Every structure is written in structure tokens, then in C-alpha cells.
Amino acid sequence: MTKNSLGAVRRALAFLLVLTIALPALAAEPEAVPPLEAEPAPYQDVVQVEQPEALDVLVNKYYQLPQDYKPELKALPSAYGGLSMRPEAADAFVEMAQAAAQDGFSLRVVSGYRSYHRQTSIYGNYRNQYGAATADTFSARPGFSEHQTGLAADINTASTRAHFENTATYRWLTEHCWDYGFILRYPQDKEAITGYRFEPWHYRYVGVDTALAVKESGLTYDEYAEQVNTQPITRAQLADELYRLTGENARSPYPQGYRDLERDADYLPSVAWALDQKLMAGVASGRFDPEGDVSQSYLAVVLYRLAQPEGYSPKTALDWAVESELMVLPADENAPVTRSELDRTLLRLEAALQEIS
């Protein structure tokens, strides 16, 4: 994206602000989210998944997929089950199965992608047979099944009677699945966290880096994902996200005068771009802390600088960001921005730009 196209982004955001100010009746007044007073209840305190296509999407009894979500699918070769999964997951499974075969083990997918309507039928049958309380311990309600993402695979069996956990194939999987981007999704003795009984056959593709990080953490995926989502983001991460969103290419591989930047750092192109565009603090002094936290007010300032709204002078950048419905009014403007908060803000930003374009 050139400076002209970046200017288009800024004009679009400025236009969004004008619409928001001129037509207040079309938008509800944003409100701060009240703190939870009790532990969330399964299937009651539900959050709608905003990025169902993300490889690391969290789907459980608290995070629900859109009913109409259907991913791109790819059929596995018949030798590996012939069922469909997301292309990334299907390719990774074939690679894993081929490696297992070299060690004398056979892997097949016996359940891959399931649509919302298919899951409705499956869960309904179990509920009618065993009752909802029991069915909920081993079957997901429609919209809450990882199989709808196309990233989950039941391998070789889907029955407790098979005692897959006692097989050498299971031991091979638990040792090697991480190297191919898969995790054991519902481990033993973690029912209180995952919401499901031990399923030694159910594996979830999250990508190699994430799978290895989950392994290293020793956490269930539910715990790991929540931990990541609640971590404060750094200024380098914010630059990365904006750099990706705008499709920019930094003109200089190393911005002159920034003593704190490492020349070979992975974040350098995005940070160089953000500093060159004067979106982030540190321009005047030549200092910039890539690992510093991003506060609520800091994020608002970056968004304001990105948009450069014309003809309107808000009292603060935070006022502008809230009135533009890019952010929700925080309880503390100095509080750090978490990963999940940034993701929601960027989704609003992308949606606003799509509406205007």
C-alpha cells in the first residue's frame, strides 16, 4: 500500500467519524462491559466467535460458532479416511499419518468436518437417549463443536469401549502430534476445565507453533487460549497488526535514529512503518520500546493518528475512538489492552472500512 492508499484509509476512517457524529440515532451508545460477578455458566454465558476461520479459534461451551459458518474443505485420501477437513489440517494429518506409518502405526480420520445441522442431529440423538446432562459430557451442542471448524479429527475410533488410550498408536500420537500442529484436545482428568470426558481419539489442528506452545505450557487448550487472550499486547504487536491490516511495506529496513531497535528483529518492518508514519510515540526522542505495554489511551492515540480525522477536534483521542465505535469506553484508560480487546477493535476497524468501500 502506498502513502496514497494509506491516505484513503485515513479518509475512510474520518468519514466513519462524520457518519457517527451526524447520525447518532443509528448507533447505540457504547457502554463499558461490567465485570463478571460469578463464574460463567456453560451454554449460558456465551460469546459469539468473531473469527471462526482462525487456526487458533477457541470453541467450547462458552464460545459459539456462527450457525452458517462452513470452512473451505479438502477431502482426505481414502487411505486416511476420505473425510473432509480444512486444507491445512488435512495436509498436516496426511504428513503425520505417513510418519506414523514409517514407525508401524496406521492413522485414519473417522470423523472430520461436521456441519451445524449434522451436529444438531448427533447431539439430539444422544440427548434423547441419555438425557442432556449426560450427553453434554461427551457431545457438543450445535454451534459449540470443534468439528464445525474443520480443524478437529477423531482418529481411528470415537468410542470409549475401544480403550484407544491403552494402545501403542495412542502413545505415538501423544508423543508426536505436536510436531504436526495437532493437540490432544480433551486430556484425561481435565473434564472440569474442558467440559468433556477424556477423549484419547480427539485431536485438534492449531498449527505447529501453537501446538508446541500448548505442549510447553502443560495447559489444556482452553486454559492456554484464555491466557493468550488476556495477555497485554506489546507495541511491536500493535504495529504488526496495523501493518498487516493496511498492507504496508516499510520504505526503510531500519529507521534512522531509533537506538532501541534491533536491526534483525522480526518486528522491525512493522515498527519501522509505524514510526515512519508517526503513528506511535517515540518519534521526537528517537526512542521506542517495542516490548512496552499498550494502554487503552495509547491505542486510541494510534487509531486517531491513523485516521487523521478532519474538521473535528475531540477532547481526547479516546473520546474520538469511542464515538467512532472503534473502542469501548474502558474503566481505566491506563489499563493495558489485551489480545482479545485488540482483536475486537481491529474487527470493528475492518468492518467500518468495508462498509465505506
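This is a predicted model: local features need pLDDT of at least 70, side-chain atom pairs count only at pLDDT 80 or more; totals for chains, interfaces and linings use all residues.
**Ground rules**

I number residues from 1 along each chain as its sequence is written, and I use heavy atoms for side-chain values, leaving out hydrogens and water.

**Entry 1: salt bridges**

I looked up the salt bridges (a side-chain nitrogen of Lys or Arg within 4 Å of a carboxyl oxygen of Asp or Glu) and found nine in the structure.

One of them joins D91 to K74, with 2.6 Å between the closest N and O atoms. D91 sits in helix α2 (residues 87-102) and K74 in strand β3 (residues 74-75), so this pair ties together parts 17 residues apart in sequence. I take helices (H or I, at least four residues) and strands (E, at least two) as DSSP runs, numbered from the N terminus.

I then checked accessibility, where buried means under 20% relative accessible area, exposed over 50%, and partly exposed in between (1.4 Å probe, protein chains only). D91 is partly exposed at 42%, and K74 is partly exposed at 36%.

I also noted R86 with E88, whose closest N and O atoms are 3.1 Å apart. R86 is buried at 8%, whereas E88 is partly exposed at 32%.

E146 and R185 form a salt bridge at 2.7 Å, N to O. E146 lies in the loop between α4 (132-135) and β6 (152-155), and R185 in the loop between β7 (182-184) and α6 (191-194), so the pair ties together parts 39 residues apart in sequence. I found both E146 and R185 buried. Salt bridges link E146, R185, R204 and D222 in a network.

**Entry 2: the sheet**

I traced an open sheet of four strands in the order β5-β6-β8-β7, with antiparallel pairing; two strands pair if DSSP finds at least two bridges between them. β5 (109-111) and β7 are at the edges with a single partner strand each, so one side of each has no neighbour in the sheet. From one strand to the next the twist averages 45°. Angles run from 0 to 180 degrees between N-to-C directions, and axes are lines fitted to C-alpha atoms, for helices over the stretch in contact.

β7 and strand β8 (residues 202-205) run antiparallel and are joined by three bridges. Opposite I183 I found R204 in β8.

Helix α2 packs on the sheet and touches β5, β6, β7 and β8 (contact means heavy atoms within 4.5 Å), its direction making about 80° with that of β7. Helix α5 (residues 168-176) lies across β6, β7 and β8 and runs at about 25° to β8.
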